[in-house]
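Thanks for asking me to look this one over.

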Amino acid sequence: MHKTPLLDQLESGPWPSFIKDLKRVAARKKPAADLLGLLERSYKDKITHWKHGGIVGVLGYGSGIIGRYTDLPEEFPGVEHFHTVRVNQPSGWFYTTKALRELCDIWDEHGSSILNVHGSTGDMIFLGTTTPELEPCFAKLTAKGWDLGGSGSAMRSPSCCVGMARCEWSCYDTMDLCYEATQNFQFEMHRPSFPYKFKIKCSGCPNDCVAAVARADMSVIGVWKDDIRIDQAAVKAYAGGELKPRGGATPYAKLDVQADVVALCPTACMAFDGKTLKIDNKNCNHCMHCISLMPQALRPGTETGATLLLGSHAPILEGAQMSWVIVPFMEMETPYEPFMDLVANITEWWSENGKNRERVGELMLRLGMRAFFKGVGLEPPPQTVKTPRANPFFFWHEEDFEAEAAGRKYIK
Amino acid sequence: MATIEYKGKTFSVDEDGFLENLDQWCQEWVDYVKDSEGIKELTDEHWKVINMLQDYYKKNGIAPMVRILSKVTGFKLKHIYELFPSGPGKGACKMAGLAKPTGCV
């Protein structure tokens, strides 16, 4: 074992420590011991000792494995190769203990034993193995029914919140959509051919537990289009203190319905006279604040589906960006054909027009929403308008003139 | 930097087995990669891909995007994987002697 005075400090606080975990593995695995040594060295030198990512993989797949090499292989031979294997997660991250044991056994045999459960991609991440171990590891995984996830300029493993399995607010079956999308886009996941990465994340309601709006190129967020269901007796129970706010998950013993719920409604569409709660549903923007505070009194409506938003990403060419509504409401029923077709159209338009390493959200901004809607074959809905147009000029398409000449009707 | 000896030739390669320098590229290199990538017989289609990659690389200094490779050769991506089982980046670019692509192909 290497001496690691700087890393040792990280064990001293009250928090769980990855150093402690790694030391436990290091006692029986040389790569983990060298990993600690390398990290200590990086802390001292204030520079990473990982080289720029390599290209390794298994036959037939262009993604799923990320090559990693250290620039100090003589000193730390255990991490000379330290490749990452992405294992596609089950929808909602539900594993049986048997499945977890299977994965651990495979990784014990073919890698460093270090896992990242889970990476922010959604996949189960196996950290650290060598090139010769890749094919046998992959063979063992597939024999047990597992598969690799996406990496590089490919469709990334779709991921979702726990949805209907655990949550009453889920407006569609996120786990089913996630599974079906994974099956449908197998080719795009394993054989990178896009300008850059493309992520699908599915949240069951606007609380957005997988942060789809900020982390996915295609954010699928559950929503209802009818009225919030109200149980007036339960509202009174919250007001009277018999029911605790947020299911007891707040420090407050009693909810002040007027101050905590009505006054904080972002569109001010609620009113409470001490007896009855009224909601002007037309002006509700589905922020979930009232429902989250009073789960026994308020529930999402029954006409449910999802809003599709496009384009969020971390700063790359442009700054960080949140996803933008492109379809205000889509019904989400198996086999999700309209959804799959739309994603296929979008990736096709993006592949055709995008520059290398340009995310779809950046392309949408570069060419404009108008070009985007035309390119993917969507009608531009009013819900996509963020602010009223400030530019008085309008550039008509050629076909607009023709439609105008033929006596176009604006109201359908 | 590692070196590989094959049929009397010596090649210097990076850790992923890509040639350090396109000038070293020759028929022996193609034969060597063919064996290690599990390709049985090189056809005209393989050569079409290799030639396209080299032309593009010499002109632009980087490997082309997958879509451009598909368009110019007329081969669907699926077919490129049939020709080069480890894919256009790890298989075809390596055989063509290009420097390791950084997420392009």
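This is a predicted model: local features need pLDDT of at least 70, side-chain atom pairs count only at pLDDT 80 or more; totals for chains, interfaces and linings use all residues.

1. About 1800 Å² is buried between chain B and chain A, and carbon and sulfur atoms account for 54% of that. The size of an interface is often quoted in this way, as the accessible area lost when the parts come together.

2. Who takes part in the contact? Chain A contributes 26 residues and chain B contributes 19 residues.

3. On to the charged pairs: there are 4 salt bridges between chain B and chain A.

4. Across the interface of chain B and chain A, 9 residue pairs are in polar contact, with both residues at pLDDT 80 or more. On the side of chain B that touches chain A, the elements giving two or more residues are α3 (66–73) and α4 (77–83) of chain B. That side of chain B is made up of 8 nonpolar, 8 charged and 3 polar residues.

5. Now for a helix within chain A. Which residues of α13 (residues 360–367) are buried? They include A:V360, A:G361 and A:E362, along with A:L363 and A:M364. Among the elements covering the buried residues of α13(A) are the strands β12 (304–310) and β13 (324–330) and the helices α12 (337–353) and α14 (369–376), all of chain A.

6. Finally, please check the residue that follows α13(A): this is A:G368, and its phi is positive, near 95 degrees.

Notes
Residues are numbered from 1 along each chain as its sequence is written. Chains are lettered from A and ligands numbered from 1 in the order in which they are written. Side-chain values use heavy atoms; hydrogens and water are left out. Contact means heavy atoms within 4.5 Å. Buried area is the accessible area (1.4 Å probe) that two parts lose on being put together, summed over both. A salt bridge is a side-chain nitrogen of Lys or Arg within 4 Å of a carboxyl oxygen of Asp or Glu. A polar contact is a pair of N or O atoms within 3.5 Å; within protein, one must be able to donate a hydrogen and the other to accept it, and residues adjacent in sequence count only if both atoms are side-chain atoms. Helices (H or I, at least four residues) and strands (E, at least two) are DSSP runs, numbered from the N terminus. Ala, Val, Leu, Ile, Met, Phe, Trp, Tyr, Cys and Pro count as nonpolar, Asp, Glu, Lys and Arg as charged, and the others, Gly among them, as polar. Buried means under 20% relative accessible area, exposed over 50%, partly exposed in between (1.4 Å probe, protein chains only).
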